[in-house]
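Please read it with the sequence and the structure open.

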Amino acid sequence: MTMTTSDFLSGERWVRCPNCAGPSLYAPANLHRPFCSERCKQADLGAWASEQFVVAADASPADPSTQSSIH
Ligand SMILES: [Zn+2]
């Protein structure tokens, strides 16, 4: 298990952040890869959560008459 400085530099790779399209270090040093920062990572997860919430709410419309008929 040898990790030299040259290996780290050769493995350095930059990608585009999916959230802000800025430069993001794609390496173990960046815990939020492929995002550039924790803020971008959280923003992307938040977008997914809100989108799924909207879909779920739209798939099950609230119908008071249906619930009252069960009684
Ligand atoms: Zn970003």
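1. Buried means under 20% relative accessible area, exposed means over 50%, and partly exposed covers what lies in between. C36 has a relative accessible area of 30%, so it counts as partly exposed. The model is a predicted one, and the values in this note are computed from it.

2. Overall layout. The chain contains 3 helices and 2 strands, which follow one another along the sequence as α-β-β-α-α. Of its 71 residues, 13% are buried. The chain exposes about 6000 Å², and 59% of that area comes from carbon and sulfur atoms. Among contacts with a separation of 6 or more, 4% are between residues 24 or more positions apart.

3. Which residues coordinate the zinc ion? The SG atoms of C17, C20, C36 and C40 do, at 2.3 to 2.4 Å. The angles subtended by the 4 donor atoms run from 106 to 113 degrees, and the arrangement is therefore tetrahedral. For that label, all angles have to lie between 85 and 135 degrees.

4. Spacing of the donors. Along the sequence, the donor residues of the zinc ion follow C-x2-C-x15-C-x3-C.

5. S24, buried or exposed? This residue of strand β2 has a relative accessible area of 0%, so S24 is buried. Leaving aside residues up to four places away in sequence, S24 touches R13, W14, V15, C17, N30, P34, F35 and C36.

6. Surroundings of R13. A27 is 14 residues from R13 in sequence, and their C-alpha atoms are 6.7 Å apart in space. A27 belongs to the loop between β2 and α2 and is buried, with a relative accessible area of 7%. As for ring-to-ring pairs, the structure holds 0 aromatic pairs.

7. Backbone points to check by eye. Most residues other than glycine have a negative phi, and most peptide bonds are trans. A21 has a positive phi, near 60 degrees, and is not a glycine. A21 is placed in the loop between β1 and β2, and its relative accessible area of 44% makes it partly exposed. The peptide bond that joins R33 and P34 is cis, with omega at about 5 degrees.

Conventions. Residues are numbered from 1 along each chain as its sequence is written. This is a predicted model: local features need pLDDT of at least 70, side-chain atom pairs count only at pLDDT 80 or more; totals for chains, interfaces and linings use all residues. Side-chain values use heavy atoms; hydrogens and water are left out. Donors are N, O and S atoms within 2.8 Å of the metal (3.2 Å for Na, K and Ca); water is not among the atoms, so sites may look incomplete. Four donors count as tetrahedral if all angles lie between 85 and 135 degrees; four count as square planar and six as octahedral if opposite donors are over 155 degrees apart and all others between 65 and 115; anything else is irregular. Buried means under 20% relative accessible area, exposed over 50%, partly exposed in between (1.4 Å probe, protein chains only). Rings of Phe, Tyr and Trp (its six-membered ring) pair if their centres lie within 6.5 Å; planes under 30 degrees apart count as stacked, over 60 as edge-to-face and the rest as tilted. Helices (H or I, at least four residues) and strands (E, at least two) are DSSP runs, numbered from the N terminus. Contact means heavy atoms within 4.5 Å. Accessible areas come from the Shrake-Rupley method with a 1.4 Å probe; for residues, only the protein chains shown count as cover.
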